[in-house]
Amino acid sequence: MAAPLVDSFGRVHRDLRISVTDRCNFRCTYCMPEEGMQWLPRHDLLTYEELARIAGLMVERYRIDSIRLTGGEPTVRAHLPVLIEKLSQLRVPAGDGEPGRPVDLALTTNGSTLRLLAHDLAAAGLRRINISCDTLRADRFREITKRDDLVKVLDGIDAALEAGLDPVKLNVVVMRGINDDELVDFATFGRDHGVTVRFIEFMPLDAQGAWTNDQVVTQAEILATIGAVYPLEAIDLSSSAPAERFSFTDGRGEIGVIPSVTHAFCSTCDRVRLTAEGQFRSCLFALDEHDLRTPLRAGADDDELAAIVERAVGAKWAGHQINQVHFIRPSRSMSQIGG
């Protein structure tokens, strides 16, 4: 019998983030160092069958209705459409014998391979996509990612639109002194291309551990800068989604802001995470992980796996407490946890 996955604060969890790899073809400075990363051995990664097994358990037992694939860069893992097709078959249980509805299946990617993959991903059952791109300037793109691939990313955005993925969203991590002078440029790009740009406050998950609060460009600053050129109004929607949404008053689309640092959404958080090697996490900033790979490969049944999941969610904390004196940053970087 399906039942909600609820923590001790009454938060119902409906969103599962699955990292399929810790590897990436970029070296974004806020995510990983340019050199020296130790990649997971292939045999440590969950297979697509194992990922589908855990995802199926979460959907069928707890009515998880949203799954997002992340990395690292998920498209560097071979045959990704095979996993998409497996997950697209999952159905969220409905009551009174009604047929279940499909899971909302999404992907976060840097976009560099989408010209090759977008149509195959859509054909396999992918519904929507988020593309990470932190600058529209070629020289700055090289500086941030250590790669000369901006043209590929921009072409990948076009490929996602052509493949019928909807919505296509652009994720921009805003960093003071790095790309905060491009806020209006990104807003213009979104309006012109029919994509939703989501501006993300810089979080303390960089591999170098160099994050400081003064590098954070706040939601208030982002909205003031864009609103001075393109007037905005808040979209009042009750949702557990992390982004606060704002529409352009002339009707030409919207933007989102994820104020993870200045206005944390922890009180309504509905997501849990699975790392590429099968560690279950109740929070992006969690200090502990719960091993699902070992029992899974030892032949554990669904009840045994569910007990681990429920224990982890039952112990979920109230929030990450960034900027509090007792905040402790996770020992792993974003690429190792899953974005």
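I searched the whole structure, a predicted model, for disulfides (pairs of cysteine sulfur atoms within 2.5 Å) and got zero. C269 is in none; its nearest cysteine sulfur belongs to C283, 6.3 Å away. I then looked from C283: its closest cysteine sulfur, in C266, is 6.2 Å off, too far for a bond. Both C269, at 10% relative accessibility, and C283, at 14%, come out buried (under 20% relative accessible area; exposed is over 50%, partly exposed in between; 1.4 Å probe, protein chains only).

**Ground rules I kept to.** Numbering runs from 1 along each chain as its sequence is written, and side-chain values use heavy atoms, without hydrogens or water. As this is a predicted model, local features need pLDDT of at least 70 and side-chain atom pairs count only at pLDDT 80 or more, while totals for chains, interfaces and linings use all residues.

**Overall fold.** I get 10 helices and 16 strands in the protein chain, taken as DSSP runs numbered from the N terminus (helices H or I, at least four residues; strands E, at least two). Of the 339 residues, 54% are buried. I also checked contacts (heavy atoms within 4.5 Å): among those between residues at least 6 apart in sequence, 72% join residues at least 24 apart.

**Cores.** Which residues have the most contacts inside the largest nonpolar core? They are M58, I67, L69 and F199, in a core of 78 residues. A second, separate core has 13 residues, among them F202, V216, A243 and A286.

**Second largest pocket.** I put its space at about 270 Å³. For the record, a pocket is an open set of points on a 1 Å grid over the protein atoms alone, where a 1.4 Å probe fits, with protein on both sides within 12 Å along at least five of seven lines; lining residues have an atom within 4 Å of a point. Points join across faces, edges and corners, and the volume is the space filled by probe spheres set on them. There are 13 lining residues, with R42, L45, Y48, R77 and A78 nearest the centre.

**R137.** I found R137 in the loop between strand 8 (128–132) and helix 4 (138–145). Not counting residues up to four places away in sequence, R137 touches L150, D181, E182 and D185. Its C-alpha is 10.0 Å from that of V151, 14 residues apart along the chain.

Most residues other than glycine have a negative phi, and most peptide bonds are trans. I noted a cis bond from G71 to G72, omega near 20°, with G72 in the loop between strand 4 (66–70) and helix 2 (80–88). The bond from D166 to P167 is cis too, omega near 0°; P167 lies in the loop between helix 5 (150–162) and strand 9 (168–174). R63, in the loop between helix 1 and strand 4, has a positive phi near 55°. K146 has a positive phi of about 65° and is found in the loop between helix 4 and helix 5.

Terms used. Core = buried A, V, L, I, M, F, W, Y, C linked by side-chain atoms within 4.5 Å.
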